[in-house]
Amino acid sequence: MDYILKSGVLCTQNGPAARIRPGLPGPERDILSPDGAVALRAVVRTQPEQGRSSGDVRTRQYVLERPDGSAAACARPDYAPGQDPAAAGWPVSRLPRVDRARVTMGGEYLLVMENSRSYLLRDGSGAPVLHFRHRGLTGGWDVTCSASLAPETVCGLFLFCRCIERENEFLVV
């Protein structure tokens, strides 16, 4: 299935399939079905873990919640190869680069930021399931996914991509 995601609206050739409702600044976003009902809510949670500093990205969890509060999908971000502060130490002038998240939604997946303009979701066997590509000067994103993903879930996974991107933003103290 091919989509275009522009200004928070996921569209097919037949029209809007889902929409991300802009909210107040912060990590929570609502994902609406075509009829305007809240289908999912994207939330970022921090869960302190023994032996990890509060700045460690692996203490965060990105969650897609259904209206009843149950989790439809969860993702745990992780560092790029060679960037793990436990092995390489904490860099002096920047944060370690985050480029992936392990996603659980009825199975195990890996969401990888190939670069700032391309994200790829692979299933447990390594087969591509979902691909986001930035459209360049025209703006928006081209989305290619398997037909088994609901449009609302595609929007939620896009929000996970944006969370990974925010993990790499320059920290101002």
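**View A. Cysteine 155 has no partner close enough to bond.** The sulfur of cysteine 155 sits 9.4 Å from the closest cysteine sulfur, in cysteine 11, which is too far for a bond. A disulfide here means a pair of cysteine sulfur atoms within 2.5 Å, and the structure holds zero of them. Cysteine 163 is in no disulfide either: the nearest cysteine sulfur, that of cysteine 161, is 9.2 Å away. With 8% relative accessibility, cysteine 163 counts as buried (under 20% relative accessible area, using a 1.4 Å probe and protein chains only). As for what you're looking at, it's a predicted model, where local features need pLDDT of at least 70 and side-chain atom pairs count only at pLDDT 80 or more, while totals for chains, interfaces and linings use all residues. Residues are numbered from 1 along each chain as its sequence is written, and side-chain values use heavy atoms, leaving out hydrogens and water.

**View B. A closed barrel of twelve strands.** The barrel runs from β1 through to β12 in order, with antiparallel pairing (strands are DSSP runs of E, at least two residues, numbered from the N terminus; two of them pair if DSSP finds at least two bridges between them). Take β7 (residues 71-79) and β8 (residues 98-104): six bridges join these antiparallel strands. Here cysteine 74 stands opposite threonine 104 in β8.

**View C. Leucine 130 and the largest nonpolar core.** This core has 40 residues, and leucine 130 is among those with the most contacts inside it (a core is a set of buried Ala, Val, Leu, Ile, Met, Phe, Trp, Tyr and Cys residues joined through side-chain atoms within 4.5 Å).

Note on methods
Buried means under 20% relative accessible area, exposed over 50%, partly exposed in between (1.4 Å probe, protein chains only). Helices (H or I, at least four residues) and strands (E, at least two) are DSSP runs, numbered from the N terminus.
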